[in-house]
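Okay, thanks everyone for coming.

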Amino acid sequence: MAHEIEQFTDGTAAFASANTSAWHRLGTVTDGAMTAEEAMAIASLAGWNVRLLPLTATEITADGTTSVEVPQHFATARTHPKTGRTQTLGVVGSDYHPVQNEEHAEFLNLLADESGAHFETVGSLKDGRQVFLTMKMPQSLTIGGNDDVDLYIAAFNSHDGGSAFRIVVTPVRVVCANTQRAAIQGARSSFVVRHTAGAKARIAQARSALGLTFKYAEEFEKAAQRMIEAEMTLSELKSVVDGLRPVKDSDSPRKKTNQRQRWGAISNLFEHADTQAGIRGTRWAGYNALTEYANHVAPAQGKTDAEKAAARAERVISGAASDLMEKAFALTTV
């Protein structure tokens, strides 16, 4: 699996990052924070004009070819940021209304104005079919007096009908940059806007999502503090790992081997990793060992180390490990 960051024939890539380079080493690293407009321009996300085109099918018979209209379905298309040509992205139904990248950035600008957050990363995936922007909140959380956790707001959009416009609140450990999606009781971690006729209006109203960000941060900090004050033994952590990926006696030898290797890596992180210094032996350390494994150690497809690292980066961006992380949090929290 490749990183899927969009790359252009002129050697540039549709990705920008503030201050720090990403795993895939693509795109532009800015010296300091970006505005929404700067992020869009640097990552070539501006001026796409995503639109709907009528669909037709072509039937080929012995008598020749016939064009057939496809009712209630449309192709989504954009103006390619480099060539200026029309490029199709996906097929959608008649109730789909595009959310432009500019609207995407406008929504985050509202949050930035009220929160003091700054833009951290922006990019295009899968040749323009998906885009993302993330912002870093100005203040970090401090767990147990010495474990700093940054808080990010990430907004994802798809132009191929694959998913809704989605805002996610994501705490990230400074030391190892683990994405920590956690299901916190009483606090939502995501806000969804459908691609329908009222989508633009709802995005404007969705500044209330900032409220969920602060609520989530408050509840996450409380839960993490309880976890850092609670001890966790190696056997307790193994029970969690077994609960996340159960293996039965009837399972294949390969699955059993994978489980042993997974446990070996997670237990090593729990007992010896530098990222657990200061929190070792706690339930918070157990959860962080699980997230570090899932996002940075777990096997990933790719021929080279760079490709494997990029695949893990894609897991973080796409949220592919979110369900596992939320289960892990539920099994380790107190």
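So, which are the buried residues of helix H5, residues 234-244? Keep in mind that this is a predicted model we're looking at. The buried ones are Leu237, Val240, Val241 and Leu244. Those four sit on the same side of H5, because they cover an arc of only 100° around the axis.

Okay, on to the cores. The largest nonpolar core has 64 residues. Who has the most contacts inside that core? That would be Leu45, Leu108, Phe119, Val122, Phe220, Trp284 and Leu290. There's also a second, separate core of 8 residues, and Ile5, Phe15, Leu125 and Phe132 are among them.

Let me zoom in on Phe119. Leaving aside neighbours within four places in sequence, Phe119 is in contact with a whole list, including Ala18, Met34, Leu108, Leu133 and Met135.

We've got 3 strands in an open sheet, ordered S3-S4-S5, with antiparallel pairing. S3 (51-61) and S5 (86-93) are the edge strands, each pairing on one side only. On average, neighbouring strands here are turned by 50° against each other, direction ignored. S4, residues 64-79, pairs with S5 over 7 bridges. If you want one to click on, take alanine 77, whose bridge partner in S5 is threonine 88.

Terms used: Residues numbered from 1 in each chain as written. Predicted model: local features only at pLDDT ≥ 70, side-chain atom pairs only at ≥ 80, totals over all residues. Heavy atoms only, no water. Core = buried A, V, L, I, M, F, W, Y, C linked by side-chain atoms within 4.5 Å. Buried < 20%, exposed > 50% of the residue type's maximum accessible area, 1.4 Å probe, protein only. Contact = heavy atoms within 4.5 Å. Pairing = 2+ DSSP bridges. Helix = DSSP H or I, 4+ residues; strand = E, 2+ residues; numbered from the N terminus. Axes fitted to C-alpha atoms, helices over the stretch in contact; angles between N-to-C directions. Arc of directions from axis to C-beta.
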